[in-house]
Number of protein chains: 2
Amino acid sequence: MAFATINEFPQKDIRIASIFKALSHPGRVAILRVLAEKQSCICGELVSQLPMAQSTVSQHLKVLKQAGLVKGEIDGPRSCYCVDYDTIKEVEKLWGDFSGFLNERACGPNQC
Amino acid sequence: MAFATINEFPQKDIRIASIFKALSHPGRVAILRVLAEKQSCICGELVSQLPMAQSTVSQHLKVLKQAGLVKGEIDGPRSCYCVDYDTIKEVEKLWGDFSGFLNERACGPNQC
DNA sequence: TTGCTTAATCGTATATTTACGATATACATT
DNA sequence: AATGTATATCGTAAATATACGATTAAGCAA
């Protein structure tokens with residue numbers, strides 16, 4: 001029954017939640033870190049730097065790719081991934097709007 | 001076998017992921033929105049404003065509370081919840097550091 | 001006390017996530 | 001063509017997440 005009501009929420013909330021969902025696993029956060037450090041990097045390098053099997057890294061990369069957080073390019077027998085900074089900017093905006101909305105309405109230091 | 005390796009990641013990545021996880025459902029994002037709008041609000045009001053059953057809202061509130069994103073206070077037979085702005089600030093810092101780290105290393109508009 | 005209201009928790013069915021070995025695919029090299 | 005390398009996908013087991021009705025607990029009102 002999970003997710004039966006998910007479309008009843010505002011589109012903006014769905015988008016925020018779906019991006020945050022992609023960032024909701026430490027392995028995926030770590031992948032983004034490594035990709036940024038290396039400026040772009042092949043999957044095998046990620047595998048060697050992170051405590052996950054090759055297939056697991058590949059699966060996480062797929063999630064990040066679907067969320068638009070990384071983009072990849074086939075380079076011979078390898079795949080070269082890098083951070084998609086356009087989406088990072090989008091997250092910055094989404095989070096900025098959202099936290100701005102919250103903060104605007106913050107009154108005292110402790111309301112309840 | 002899920003989460004067997006989760007402790008092998010940097011503490012900072014685990015913290016970021018765990019907060020984002022709490023924000024990874026549109027219902028929870030919507031709850032935060034309503035709480036901010038109402039400045040603080042009783043559970044029943046959330047139930048009436050959101051497309052979820054009372055028990056579901058209560059469950060999501062528990063997740064948000066565990067993540068530190070909301071705090072609650074018992075008020076007679078009711079519970080009064082509000083956004084915990086200290087944690088919102090923490091998220092701002094965590095995300096700011098993280099995106100800063102990524103952006104510092106962004107070179108051209110398209111690396112791959 | 002009895003009954004009413006509110007919200008948390010329980011029980012449970014279903015869906016999704018996670019992890020990894022095994023396999024398949026795709027390109028490069030010989 | 002045959003072999004090797006790199007990566008995606010498949011299959012699958014186990015853990016989590018999600019949703020909601022039913023129940024419990026806790027306070028208030030009569």
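In this predicted model, B:Ile42 stands opposite B:Cys80 in strand 3 of chain B. Local features need pLDDT of at least 70 and side-chain atom pairs count only at pLDDT 80 or more, while totals for chains, interfaces and linings use all residues. Residues are numbered from 1 along each chain as its sequence is written, and chains are lettered from A in the order in which they are written.

**Sheet of chain B**
- Strand 1 of chain B is joined by two bridges to strand 3 (residues 78-83) of chain B, and the two run antiparallel (strands are DSSP runs of E, at least two residues, and helices are runs of H or I, at least four, numbered from the N terminus; two strands pair if DSSP finds at least two bridges between them).
- The open sheet has three strands in the order 1-3-2, with antiparallel pairing.
- Strand 1 (41-42) and strand 2 (70-75) of chain B each have a single partner strand, so one side of each lacks a neighbour in the sheet.

**Helices 2 and 4 of chain A**
- The axes of helix 2 (residues 26-38) and helix 4 (residues 54-66) of chain A come within 10 Å and cross at roughly 80 degrees (axes are lines fitted to C-alpha atoms over the stretch in contact, and angles run from 0 to 180 degrees between N-to-C directions).
- Helix 2 of chain A is therefore roughly perpendicular to helix 4 of chain A (65 to 115 degrees).

**Contact between the chains**
- Chain A and chain B each give 43 residues to the contact (C-beta atoms, placed from the backbone, within 7 Å).
- Helix 2 of chain A supplies the largest share of the chain A side, eight residues.

Technical notes
Parallel < 35°, antiparallel > 145°, perpendicular 65-115°, else oblique. Contact = placed C-beta atoms within 7 Å.
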